[in-house]
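Please consult the sequence and structure shown below while reading.

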Amino acid sequence: MARKIIFTIDDEILNKPDMASRLNNESVDGALEYCVSSYIAKTFRVAAENIGGDSNFDEVSEFYDKAFEDNN
């Protein structure tokens, strides 16, 4: 399911993904979705490392690591 979000971002920052997406013939939407997925994976991985040893967090980290790999 996709949901529409609206936010404000500096023009200089927004122009860079736009240029990169044109160079790779990709959509900006796809690039931004990739960035959010990467952020989520990193956040859960760091949280799991900080909690340490709790298998539930290890499983969550593995899940988001897989999601990150699938988006590459």
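Apart from its neighbours within four places in sequence, Ser-21 is in contact (heavy atoms within 4.5 Å) with Glu-26, Ser-27 and Val-28. The model is a predicted one, in which local features need pLDDT of at least 70 and side-chain atom pairs count only at pLDDT 80 or more, while totals for chains, interfaces and linings use all residues. Residues are numbered from 1 along each chain as its sequence is written, and side-chain values use heavy atoms, with hydrogens and water left out.

Ser-21 belongs to helix H1. Its relative accessible area is 4%, so Ser-21 counts as buried (under 20%; exposed is over 50% and partly exposed lies in between, with a 1.4 Å probe and protein chains only). Leu-14 is also located in helix H1; with a relative accessible area of 33%, Leu-14 is partly exposed.

Along the sequence the pattern reads α-α-α. Of the 72 residues in the protein, 8% are buried. The protein exposes about 6200 Å² (Shrake-Rupley method, 1.4 Å probe), and carbon and sulfur atoms supply 55% of that area.

Helix H1 comprises residues 11-23, 13 residues in total, and spans 18 Å from its first C-alpha to its last, close to the 18 Å expected at 1.5 Å a residue. That expected span is 1.5 Å times one less than the number of residues. At the start of H1, a side-chain oxygen of Asp-10 comes to within 3.0 Å of the backbone nitrogen of Glu-12. After H1 comes Asn-25, which has a positive phi near 55°.

The structure holds one salt bridge (a side-chain nitrogen of Lys or Arg within 4 Å of a carboxyl oxygen of Asp or Glu). Glu-12 and Lys-16 form it, with their closest N and O atoms 3.9 Å apart. Both residues lie in helix H1, four residues apart, about one turn of the helix, and both are exposed. In general, side chains of opposite charge can pair when their charged atoms come close.

| Atoms | Distance |
|---|---|
| Asp-10 side-chain oxygen and Glu-12 backbone nitrogen | within 3.0 Å |
| Glu-12 and Lys-16, closest N and O atoms | 3.9 Å |

Conventions: Helix = DSSP H or I, 4+ residues; strand = E, 2+ residues; numbered from the N terminus. Polar contact = N/O pair within 3.5 Å; in protein donor to acceptor, adjacent residues only side chain to side chain.
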